[in-house]
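Q: I would like to learn how to read this structure step by step. Could you take me through its main features, giving the general idea before each case?

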Amino acid sequence: MKVFNVALFLLLYAYLPASARLQNRPTWSKEELTMANTAKTAAYLTGEEKDMVMYMNLARMNGEKFFLTFFQDFVESHNKQMSAYSNYNSLRIERSSSYYRSLEKDLQNVKDLPMLYPDEAMSWVARQHAKDMNKYNYAEHTARDGRTVKDRITAMYPKKACGENLAFGFSSGLGNICMLLLDKGVPNLGHRKIIIDTSYKFNYIGVSIQPHKSYKYCSVTDFVALP
C-alpha cells in the first residue's frame, strides 16, 4: 500500500503545472553541476561560453529540473528587464504561450542524455562565423562567402553528422541556451531539438559569443558527432 501511494504521488506530480511544482523547487547537487561542467578547463572559451556548454548539459541531464530551476530564473530576470521597453508585450516570455508549454512538455521527457564536450577546433569554426556575422552585419547560417554549415564544419571533421544553432541579443550563457530551448517564433523548434538530440549522437561542440552590429550580441554553437 505504501508503494502504491508513492507511485500515485509521483504520477500526480508529473501532471501538475510548473507553477505548482515550483513550490517544491528542486536543487542541483554539487556532483551534477560538476558533471555538466565539461568545459571547465577549456582555456580557449570565455566564462559565458563555458556556461553555454554547462547549461546545455544540465538540460540534457534532467530536463524537468532544468525547466523548474535555471529556466524559471531566466524567465523572471528576462521579463523584468524587458518591462523597461515600450514593446514589452512582444519581448516578454509568456507562460501561457505554446512555445513555453511545449518546452515544459518536451523537457519532462529528457533524462540522462550523454554529456556534450567542448572542442577547440569546433569553437574556432563557431568563432569565425560569429565574427563574420558581426563584421558584415548579417544573421544567417550560410556565410557571406557562400559556405554552408556543412562546408564550415566538415573542413575540420569530414564526413561527420553536424549541425548549428544561432542566437542573437544575449551575452550570457544562460540567456542564449534558454532562448534556444524556448525557440520562440521558430515553428519547427529546430534549435531546441538539436540541443536535446539523440538521433545524430552529437557529442562535441564549439561555442562562441561575439558582438553583433544589429543585435548587440550573437552566439554560434556548432555540433558534431565524433569519432
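Q: Which two strands form a hairpin, and how many residues lie between them?

A: Before the answer, a word on the source: this is a predicted model, in which local features need pLDDT of at least 70 and side-chain atom pairs count only at pLDDT 80 or more, while totals for chains, interfaces and linings use all residues. Residues are numbered from 1 along each chain as its sequence is written, and side-chain values use heavy atoms, with hydrogens and water left out. Helices (H or I, at least four residues) and strands (E, at least two) are DSSP runs numbered from the N terminus. The hairpin is made by strand 3 and strand 4, with three residues between them.

Q: How many bridges join strand 3 to strand 4, and in which sense do they run?

A: Strands of a sheet pair through backbone hydrogen bonds, either parallel or antiparallel. Two strands are said to pair if DSSP finds at least two bridges between them. Strand 3 and strand 4 (residues 216–224) run antiparallel and are joined by nine bridges; among the facing residues, Q210 stands opposite C218, and V207 has T221 as its bridge partner.

Q: What is the order of the strands in the sheet, and which strands are at the edges?

A: The sheet is open and contains four strands in the order 1-3-4-2, with mixed pairing. Strand 1 and strand 2 are the edge strands, each of which pairs on one side only. Strand 1 (residues 117–118) pairs with strand 3 in the parallel sense over two bridges, and there P118 stands opposite I205.

Q: Which helices pack on the sheet or lie across the strands?

A: For directions, axes are lines fitted to C-alpha atoms, for helices over the stretch in contact, and angles run from 0 to 180 degrees between N-to-C directions; contact means heavy atoms within 4.5 Å. Helix 4 (residues 47–61) packs on the sheet, where it touches strand 3 and strand 4, and its direction makes about 135 degrees with that of strand 3. Helix 8 lies across strand 1, strand 2, strand 3 and strand 4, running at about 25 degrees to strand 3.

Q: Is strand 3 mostly covered or mostly open?

A: A residue is buried under 20% relative accessible area, exposed over 50%, and partly exposed in between (1.4 Å probe, protein chains only). Strand 3 (residues 204–212) is mostly covered, since seven of its nine residues are buried. In the chain as a whole, buried residues make up 45% of the 227 residues.

Q: At what angle do helix 5 and helix 10 pack, and how far apart are their axes?

A: Two packed helices are described by the angle between their axes and the distance between the axes. Helix 5 (residues 63–82) and helix 10 pack at an angle of about 115 degrees, with their axes 10 Å apart. Helix 5 is therefore roughly perpendicular to helix 10, a word used for angles of 65 to 115 degrees, whereas those under 35 count as roughly parallel, those over 145 as roughly antiparallel and the rest as oblique. The residues that make the contact include F66 and F70 of helix 5 and L174 and C178 of helix 10.

Q: Where is S171, and which residues does S171 touch?

A: S171 is in the loop between strand 2 (162–168) and helix 10 (173–182). Not counting residues up to four places away in sequence, S171 touches E48, N176, I209 and Y217. S171 is also 7.6 Å from C218, C-alpha to C-alpha, although the two are 47 residues apart in sequence. With a relative accessible area of 36%, S171 is partly exposed.

Q: Which residues other than glycine have a positive phi, and which peptide bond is cis?

A: N137, in the loop between helix 8 (120–136) and helix 9 (149–154), has phi near 55 degrees; N137 counts as partly exposed because its relative accessibility is 36%. K159, in the loop between helix 9 and strand 2, has phi near 60 degrees, and K159 counts as exposed because its relative accessibility is 84%. The cis peptide bond runs from L226 to P227, with omega near 5 degrees, and P227 lies in the segment after strand 4.
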